[in-house]
Amino acid sequence: MSSAEVTVDRPSALRRVRRRGGTTDRTAAMLLLLFTVIAIVWANSPWGATYDPFWDTDVEVGIGGFRQHLTLHQLVNDGLMAFFFFTVGLEVKREFTLGELTDRSRAAVPVIAAIASLALPAVIFLALNASSGNGHAWGIVISTDTAFLLGALAVIGPQFPARLRTFLLTLAVVDDIGALIAIAVFYSDGLQLAPLAFVALLIVALALVRFLPVARGPAYAVLGVALWFALAAAGVHPTLAGVAVALLIPVFPPKRMEVERAAELTRAFRESPNSVYARDATRSLRDSISINERLQTEWGPYIALVVLPLFALANAGVRLDPATLAAAVGSTLVWGVVAGLVVGKLVGIAGATAIVQRLRLGRLAPGLTMPRIAGGAALSGIGFTISLFIVGLAIEDPEQQDLARVGVLAASVIAFALGWAVLTVADRVRPPQAIGAKLMRPVEPERDHIRGRADAPLTIVEYGDFECPFCSRATGSIDAVVAYFGDEVRWVWRHLPLEQMHPHAREAAQAAEAAARQGRFLEMARMMFANQDHLETDALFRYADELGLDPDRFAEDLRSPEVVRRVEDDVLDCELMDLHSTPTFFIGERRHKGPYDSASLIRALEASRDA
């Protein structure tokens, strides 16, 4: 098969995966926007007089001897939103355990930027409202709406958004932590000691649930509901029950023994299908993934597509009559909200990022530029969900609540328009580099896998996939190139697992990284290329054993956050350069086009030496 045919036959797997993520974000944001519009139209329609009475309808929630009288509005804000904060807590726990926040140098920039984006908006709001009687409502401007933020980014659709999206997600996690602390400390009622003691006992019980041999899910659910009632009785906002439960649910990468057990049971079911094997295989597959990740996957769509739209419907119904709009124009409360969210978020995030970069306290991921950061910072002024949530906690007067909601809605519209403008202008003034023509990440001897002298004058970089037959054949070309140039050339391997076509490619890449931690990268790479039809998990462990690797260390490294992130970094670099076929070669820093037989590669390297 020719090189041209190879390129045509390989769909852009990375692009499809990223597009699906963007579509999900866009759908959630559009649904949230739709229900916001419905709420505003309802409140300002001829039936607008029914809006507040409907949400003030009394309901009773009870379990056992506990009873809680709520309005429909409180049921949404105090009850359903506990599930929203539950998913926020799950994400926070995962990011600190396995995600971006485990890498201090990578996390430093968004974490410091998030802290600045919490503090500066509050300072701006207080500067305008300290003497107005609304100073205590500063919490309205501190948080960013993650769902709207990611949805807005998907709608705007800048080229290669993955790095910016990851940065904003990390920032949003820290932002959410700040908002949760503010709600717990500043926007809860007077504490009641007896119920608070019961809260402590429930938290201890929740921490011990992980040790139950069975029925952990029901135990978390029952104790979580009890914690909601106890927090309400203690004077702490009950939505924090969701956060507490989420933070106490364990998260861990898949463990070798459990994955192998699941594979054995699945194989047994395939060979002898019956209900017992089906039950055991299903349970084993479920238990091999942490409860945290299962819950995020299962609950996330319901939160994004049901809970948040209902919250918008219950909270965004602000009356936009001439009197309200006239009062908004001259209201320091409104201008404090708008300035805090729009100006505070933009200046706080972009300014803190620039300072951190200048002082070298952290580093941005490759491909992230300050114009991109500024666009994301502007979009972060969309403070819809938690901002509206805190409006109801911080302000009692209905008219002032309406003004605050006007400010939140206005700030969200302005922030979206400003973010769109900044990202669009930035891409036009400083267009993205020619896609994939230049190596985005320079060779780093302390990071990269290098065959040959680290300081060799000639460099050939290969982005490949251990399950790709063309990459396997290319190893012969590389051997010939190295034999021809000797120690004048260095070959560098980077990962581009095409998972849509090669289901074992990513785990094989992680296996290579795990072997590299024991100094056997090249040996593992050759072993996997020689056995491309057998790259299942048990086969990878067999190859590690044949190479004499420490099996326990290999098992631990295979799915460690550092190894997973190392492979993902290469994958994101490929998206930034629009690489979606393997093997892809770079000669020096320039992309090689054409055949990759040894003679062609040798000519390209000779030409680079003469350039």
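**Cysteines and salt bridges in a predicted model**

The sulfur of Cys574 lies 11 Å from the closest cysteine sulfur, that of Cys471, which is too far for a bond. This is a predicted model, in which local features need pLDDT of at least 70 and side-chain atom pairs count only at pLDDT 80 or more, while totals for chains, interfaces and linings use all residues. Residues are numbered from 1 along each chain as its sequence is written, and side-chain values use heavy atoms, with hydrogens and water left out.

Across the whole structure the search finds zero disulfides, a disulfide being a pair of cysteine sulfur atoms within 2.5 Å. Cys471 is in none, its nearest cysteine sulfur, in Cys468, being 3.6 Å away. Cys574 is buried at 0% relative accessibility, and Cys471 is likewise buried at 0% (buried means under 20% relative accessible area, exposed over 50%, partly exposed in between, with a 1.4 Å probe and protein chains only).

Salt bridges number 26, each defined by a side-chain nitrogen of Lys or Arg within 4 Å of a carboxyl oxygen of Asp or Glu. In one of them, Arg559 and Glu507 meet at 2.4 Å, N to O. Because Arg559 lies in the loop between helix H23 (551-558) and H24, and Glu507 in helix H20 (residues 505-516), this pair ties together parts 52 residues apart in sequence (helices, H or I of at least four residues, and strands, E of at least two, are DSSP runs numbered from the N terminus). Both Arg559 and Glu507 are buried.

Asp570 and Arg447 form another salt bridge, at 2.8 Å, N to O, and both residues are buried. These two also belong to a salt-bridge network with Asp448, Arg494, Glu513 and Arg566.
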